[in-house]
Amino acid sequence: MLGVVSAGLLSSFAQGAAPACDPGNGGITLPAGFCAVVAADGLGTLRHMTVAPNGDLYVALQGGMGGAWALRDTNGDGKFEMKEHIGETSTTGIALRNGYLYLAHPNTVERFKMTPGQLAPTGKAEVVVMGLEGVRQHGDKGIAFDGKGGLYVNVGAPSNACQMDDRKPHSKGQDPCPILEMHGGIWKFDENKLGQTQHDGTRFATGLRQMPAITWHDGALYIVMNNRDQLDVLWPGQFSVQENAERPAEPMYRAATPGTNFGWPYCFFDYGQKKFLLNPEYGGDGKTVGRCTEFTPPVAAFPAHWAPVDVTFYDGSQFPAKYKGGAFIAFHGSWNRAPMPQDGYNVTFQPFSGGKPSGNFEVFANGFAGKSPLMQPGDAMYRADGVVQAPDGSLYIADSQKGRIWRVFYQAK
């Protein structure tokens, strides 16, 4: 029955019979020609998603009962009528790969064997990686596969800028930063081997703060990083409230070879000047470049404290041609622009051409905050925490505030 339902959904969409979109796109704004249907709601604190070839959607569930939801649209109306729960423990990363459903938790990556025709697995989980660092700040995990047996997992840094006293005014940075030994990077594992520890993996990239937004694309790992906080609070008199709210860009990095170093905690990428600058913890004054010439710069940069949490590259044909090959990034917004109004709370599109970013980014889906100005993240109506392409070329967006999932279509004229 699954194959019959799936084929019907895909063929009807290809013929232009897309599900009817909701009034007001379910609470978000989209570019001209696009609309959205609320595919599911009230599911909890949702994070990353993955889609099966037949259209079944799997979405990670952070906190609470954890695990993931398995969702199925049984009648082709664009909404998920069937729902099953999988696993336990707070989950951020999720992926389908070679007949397995992978779930990434703060300290482990596990997988479930999928049975063709069934929505959810019935067997016990197998632990692929255990003992990952991640019990303190920045413990959320994303996962990616290179298609050659490599599994990539981010291990965030339990620190803002590797200060001797974390987040204390005028505390200098540790040099070298010992956190980078087991944190602040991307570790590569063998996707086919069970029971690995972090020591069994290899550190593929380093010099990163927090980066659950990772994906493998075009022969490389792409990473969108959450940059440093509190320039003004930690270095009063040296940086203003406005500089903190605007200067440290959220960078997109490309790692194609092992050992790539992106400069955290020694440097931050300045959004206005579009260059690396030395962090004040390491003697920087907001102008000095210093040792930052040693590190690999980003391929694109986004405004400060937008807080990227997921990224996916678009290879479908349902959207207009300009979206082909570009990246959609879910920004769920941060607290750190305070006392100024918050920003982010959107899904942004970064165009690519010839395998490289081309042109300026544009906000694709907006209105998640639900109010302006937004002063506190908790007051947001929605927060975009997951974005993934469906088999038919539409786009799913997941929310962590109310557990809503939108499916975005382009209405051809």
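**Salt bridges and disulfides**

A: The side chains of Arg72 and Asp56 form a salt bridge, with N to O at 2.9 Å; the term denotes a side-chain nitrogen of Lys or Arg within 4 Å of a carboxyl oxygen of Asp or Glu. The pair links distant parts of the chain, 16 residues apart, with Arg72 in strand E4 (residues 68-72) and Asp56 in the loop between strand E2 (46-51) and strand E3 (57-61). Helices (H or I, at least four residues) and strands (E, at least two) are DSSP runs, numbered from the N terminus.

Q: Where do the numbers come from?
A: This is a predicted model, in which local features need pLDDT of at least 70, side-chain atom pairs count only at pLDDT 80 or more, and totals for chains, interfaces and linings use all residues. Residues are numbered from 1 along each chain as its sequence is written, and side-chain values use heavy atoms, with hydrogens and water left out.

Q: Are Arg72 and Asp56 buried or exposed?
A: Both Arg72 and Asp56 are buried, where buried means under 20% relative accessible area, exposed over 50%, and partly exposed in between (1.4 Å probe, protein chains only).

Q: How many salt bridges are there by this rule?
A: The count comes to 15 salt bridges. Another of them joins Glu362 to Lys322, the closest N and O atoms being 3.2 Å apart. Glu362 is in strand E27 (residues 362-365), and Lys322, 40 residues apart from it, is in the loop between strand E22 (308-313) and strand E23 (327-331).

Q: Why does Lys322 count as partly exposed?
A: Because its relative accessibility is 48%. Glu362 is also partly exposed, at 27%.

Q: Changing topic, how many disulfides?
A: There are three disulfides, each being a pair of cysteine sulfur atoms within 2.5 Å. With the bonded cysteines numbered in sequence order, the pairing is 1-2, 3-4, 5-6.

Q: Why is the Cys21 and Cys35 disulfide right-handed?
A: The torsion about its S-S bond is about 50°, so the disulfide is right-handed. The S to S distance is 1.9 Å.

Q: And which hand has the link of Cys267 and Cys292?
A: That link is left-handed, with -100° about the S-S bond. The pair links distant parts of the chain, 25 residues apart: Cys267 is in strand E19 (residues 267-270), and Cys292 is in the loop between strand E20 (275-278) and strand E21 (300-302). Both Cys267 and Cys292 are buried.
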